Structures are given as C-alpha cells and as structure tokens.
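Thanks for asking me to look this one over. Here are my notes, point by point, to read with the structure open beside you.

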Amino acid sequence: MSRLIATRRIASNIFAPRLATRSFCNDAPVTLNKVPSGIHIDKVHEGEERFSNDVPQHDIAIVGGGMVGMALACSLASMPLTKHLSIAIIDSNPALLNGPSINKDDPPDPRVSTVTPATISLFKDIGAWEYVEQHRHAYFDRMQVWDYTGFGYTRYNARDADKDVLGCVVENKVLHKSLLSSLQDKDIKKTIYSSRLSSMSLPTRSSVSETGASASKSLANLAKLELSDGTNLYAKLVVGSDGSKSRVRELAGIKTTGWNYSQSAVICTVEHPAENFCAWQRFLPAGPIALLPIGDNYSNIVWTMSPKDASNHKIMNEADFVKAVNHALDSGYGPRPDSRVFGGDVISSFFRPNVTSSVNEGFEPPPKVVKLASDKMAFPLSLMHANQYASKCVVLIGDAAHTVHPLAGQGVNMGYGDVTLLKKYEIDRKTANIAMMAVLDGFQKAYSVDFGPLNILRAAAFNGANVFAPLKRNIISYASGERRLPFMS
C-alpha cells in the first residue's frame with residue numbers, strides 16, 4: 001500500500017543543474033574548498049571529501065547506515081543527477097566496513113523483511129537485487145488470511161492481479177549486505193564514519209547574516225555534525241535514517257505523535273517437512289500470527305501477543321513452543337473457516353463475472369511446524385509518526401519518520417518508499433504513510449476485540465474480499481506498493 005515514487009523524477013525536481021552553486025538549506029552560494037596540503041584521511045573514512053578549515057564538508061550526510069539509509073546511498077549513486085555528490089554515511093555498525101557475515105549453511109535469521117514488488121523494482125534499479133538472489137530468499141505468489149472464529153477467510157493469488165509474485169521474504173542481513181555490495185560497485189564519493197552522532201548545529205538566518213568572511217559564511221549555511229569519536233563534519237543536507245529512537249530527529253527538535261500497543265511480537269525461524277510457498281496470517285484474540293516462507297523448508301514466525309505472554313513464549317522449551325505455534329496457526333481457538341458459512345457460492349453469484357479465480361480454491365490449512373530453527377526474539381509494538389519529515393537542512397526517512405504495527409509487513413517498504421529527497425517529499429510521503437498507518441492501526445484495533453456482532457462483520461469483510469475481483473485486485477495493488485489508497489489520489 002505504500003507507493004514507491006520514481007526516483008529519477010524526484011531527482012530531477014531536487015537536483016537541478018544549479019545544484020553546484022546552491023545550498024540545500026537556502027539560496028546562498030556555497031564555496032567548496034579544496035583539500036589542503038598535509039591533510040590525510042583516516043582509513044576508516046574511506047572516500048573523497050572536501051575540506052574547509054580542516055573539517056570535511058559533504059553534500060549529504062546520511063546518519064544511519066541500515067537498510068533504508070544504504071538504499072538511499074545506492075539510489076543517489078545510481079542516478080546521473082546525483083552520483084557526483086559527496087556522501088557521508090555515519091554509523092558505528094562494523095558491518096558497514098567489513099560487511100555482515102552470512103553463512104549459507106546456517107538457518108535463516110529471524111529478522112526478515114517481506115519486500116513488495118515495488119521495493120524489488122527499487123533494488124533492481126540500484127543494482128542490489130542481483131546480490132539478493134545470490135543468497136536465500138523466498139518469493140511467494142499466494143497468501144491466505146483468516147479469522148480464528150472460523151467465519152471467514154481470504155485467499156490472494158498473484159494471478160488475481162496479473163502478477164507473478166506478491167512479494168519476497170528476505171533476511172535483513174541479506175538485504176543489507178546486498179546494498180553494501182551494490183554501493184561498492186558504484187563510482188561515488190562516499191565516506192563512512194564508523195561513529196555515532198553526538199550533536200548537530202543547524203544554520204539559522206541570524207548566523208548567516210552575521211557572518212563576515214566568505215568561507216565562514218559558506219559554513220554558516222551548512223549543518224555541523226559532531227561525532228562520538230571527536231570527528232566534526234559539515235553537510236548541506238542531513239538525512240536521519242537512524243531508527244525509531246532517531247538522534248537526528250531529537251537534535252532537530254522534531255516532535256512525534258504515537259502510542260504504544262499493549263502487545264509484543266515474538267519472532268523466530270521454524271522448519272517444515274517440505275518447502276512453504278505461501279504467506280499465512282491468522283487473526284487471534286490477542287493479535288495476528290504470521291507464517292512467512294523463507295526458503296529451504298524454513299518459515300519465519302511473527303506472532304503478536306500480550307507482553308506477558310511474549311515473555312513466557314520466549315523462554316518456553318522447543319517442544320512446547322512448536323506445539324503452541326501449531327495450535328495458534330490451525331487447531332486452536334476456533335474451527336477452520338468454511339466458505340459455506342456465508343454461502344460462498346451464493347455470495348460469489350452476486351458478483352459474477354467479477355469473481356476471482358482463487359475464490360474456488362477453498363480454505364487450505366497451513367503447513368505444520370516440526371522444529372524451532374533459531375532463537376526466539378521479542379520486542380514491544382508501537383505506532384510513531386514524526387510531525388515533520390523535513391525541517392531546515394534535515395530530512396527523516398524510515399523508522400526515524402514512522403513506525404507501524406508489523407501485521408501487514410509494510411514497515412520497511414514504507415521506508416524504501418521514503419528514498420526520495422526534499423521536493424514534494426513532505427507532502428507525498430507524509431500523506432501516503434499516514435494513510436497506511438491509519439489502515440494498519442484500524443486493523444489492529446478491529447482484531448483486538450472479541451465481540452459476536454463484530455466477528456460477523458469481520459467475517460463478511462473477509463468473504464467479500466475473497467470473491468469480489470476488483471476489490472481483491474486493488475488490495476493486492478496497494479499492498480504491492482504500486483497504487484495509492486483511493487482517498488489519497
């Protein structure tokens with residue numbers, strides 16, 4: 001449901017030919033000094049820099065070199081209008097220098113992302129998807145969603161929307177390594193600072209007007225960043241991609257709106273007797289449980305429950321946990337859905353010829369889990385939205401701008417959709433993300449109430465989505481990141 005904005009179109013809006021003589025923060029001219037003699041760049045700070053008064057100066061400083069931050073760096077390095085820019089990447093994670101260690105014989109890491117077709121297109125455009133395909137990943141073309149009451153279900157098939165796949169599940173470390181590999185292939189002036197952001201000074205009108213010398217005036221138009229290792233640098237634009245507890249957002253004084261859910265998510269990798277090619281999600285009284293294919297007979301579990309239950313499940317022994325998972329996915333809480341509960345044939349007759357081919361497939365029980373294949377992890381769930389995405393010389397992307405409930409797997413895809421800059425960014429992405437957050441929050445609240453009449457309405461919604469082709473095609477299109485919600489158009 002998050003829309004991926006065409007990066008070339010956005011770049012042409014942002015980085016016009018006048019870029020070389022304009023500041024990102026205002027229209028004051030910026031004079032870039034050459035590297036003075038005797039200056040040596042630390043081996044950690046690989047790349048080309050421009051210096052002023054012994055302090056490196058960059059066009060863009062990306063704070064946070066995770067998946068979204070690295071995707072932005074790769075996108076900038078891929079476009080003719082931006083590949084000449086000097087980029088600083090600030091992150092203390094040693095993987096940025098050495099690359100994450102990936103052993104193909106190890107079971108999948110429980111930290112995975114379900115990437116949409118729109119995100120896959122982005123990765124292909126920036127040259128990262130070819131590296132993803134060298135590691136374990138799992139495309140899926142089917143998805144089944146159902147309610148524990150047994151009253152309703154929906155099956156989605158890629159062919160319902162004339163697509164090959166609905167998405168692909170990839171370990172986060174594979175996505176990150178692929179982006180690093182892609183960036184290393186590109187001819188771009190980049191500098192990796194293996195440190196953390198300590199403080200940041202943003203330009204003000206008074207500081208610019210009070211400055212005398214031209215060199216000092218140029219610096220007054222820039223953001224100054226001080227790092228934890230004592231390094232200082234200047235940048236025309238600071239991009240905060242440093243997560244939900246963003247230091248950039250804090251230092252920029254950008255407020256947030258949000259709340260904590262009384263829920264936590266338990267994630268882990270499990271094993272089946274045979275390979276799984278479908279994504280499964282069952283809504284339970286305490287929250288949804290998702291079973292996502294990851295390849296090689298493995299699947300990823302994302303199970304939402306109360307914080308107390310999450311703590312108990314995290315320390316549960318393997319046999320009891322596997323039993324609990326199978327109980328939650330199939331045998332427990334209520335019966336399997338039966339399309340005849342609402343008269344599947346009767347409902348579909350009202351919509352003919354607008355019924356989907358998958359309506360005749362019927363409910364399918366999910367595959368049994370036979371083994372726990374990783375450690376279990378748990379984390380609290382919350383919703384957070386920055387009141388501003390852009391302020392002065394600062395832009396927020398990814399979790400620094402928004403965090404959502406994981407029930408639809410849209411979090412990181414919203415972040416990849418943020419891989420745009422300044423022009424139209426605030427209006428375009430903020431509208432899209434608020435709409436997505438409202439939809440996901442509404443789902444979370446609707447499925448947190450066990451009430452007879454509401455259960456009937458939910459079941460009717462499931463069955464309606466299952467048989468009505470235009471609705472199902474639109475849902476798939478929105479979830480794939482290729483279309484906007486109707487009220488955003």
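**Notes on a buried glutamine and the salt bridges**

1. Let's begin with the surroundings of glutamine 144. Leaving aside neighbours within four places in sequence, glutamine 144 is in contact with Thr154, Arg155, Cys278, Ala279, Trp280, Gln281, Gly362, Phe363 and Glu364. Please keep in mind that this is a predicted model.

2. Glutamine 144 sits in strand S6, which covers residues 142–147. Is this glutamine buried or exposed? Its relative accessibility is 0%, so glutamine 144 counts as buried.

3. Two polar partners of the glutamine 144 side chain deserve a look. One is the side chain of arginine 155, with a polar contact at 2.6 Å. The other is a backbone atom: the oxygen of glutamate 364 lies 2.6 Å from a polar atom of the glutamine 144 side chain.

4. Glutamate 364 also uses its side chain, forming a salt bridge with arginine 142 in which the closest N and O atoms are 3.6 Å apart. This pair links distant parts of the chain, 222 residues apart: arginine 142 belongs to strand S6, while glutamate 364 is in the loop between helix H12 (344–351) and strand S17 (371–372). With a relative accessible area of 32%, glutamate 364 is partly exposed.

5. How many salt bridges does a search of the whole structure find? The search finds nine. One of them joins aspartate 59 and lysine 236, whose closest N and O atoms are 3.1 Å apart. Here too the pair links distant parts of the chain, with aspartate 59 in strand S2 (residues 55–63) and lysine 236 in strand S12 (residues 232–240), 177 residues apart. Both aspartate 59 and lysine 236 are buried.

6. For a local pair, turn to helix H9 (residues 247–251), where glutamate 250 and arginine 247 lie three residues apart, about one turn of the helix. Their side chains meet in a salt bridge of 3.2 Å, N to O. Glutamate 250 is exposed, with a relative accessible area of 53%, whereas arginine 247 is partly exposed at 29%.

7. Finally, a point on annotation. An unreviewed UniProt entry places a "transmembrane region" at residues 60–81. In the model, the chain over residues 60–81 is 55% helix and 18% strand, and the end C-alpha atoms are 14 Å apart.

How values were computed. Residues are numbered from 1 along each chain as its sequence is written. This is a predicted model: local features need pLDDT of at least 70, side-chain atom pairs count only at pLDDT 80 or more; totals for chains, interfaces and linings use all residues. Side-chain values use heavy atoms; hydrogens and water are left out. Helices (H or I, at least four residues) and strands (E, at least two) are DSSP runs, numbered from the N terminus. Buried means under 20% relative accessible area, exposed over 50%, partly exposed in between (1.4 Å probe, protein chains only). A polar contact is a pair of N or O atoms within 3.5 Å; within protein, one must be able to donate a hydrogen and the other to accept it, and residues adjacent in sequence count only if both atoms are side-chain atoms. Contact means heavy atoms within 4.5 Å. UniProt positions are given in the numbering used here, feature names are shortened, and annotations may be inferred rather than shown by experiment. A salt bridge is a side-chain nitrogen of Lys or Arg within 4 Å of a carboxyl oxygen of Asp or Glu.
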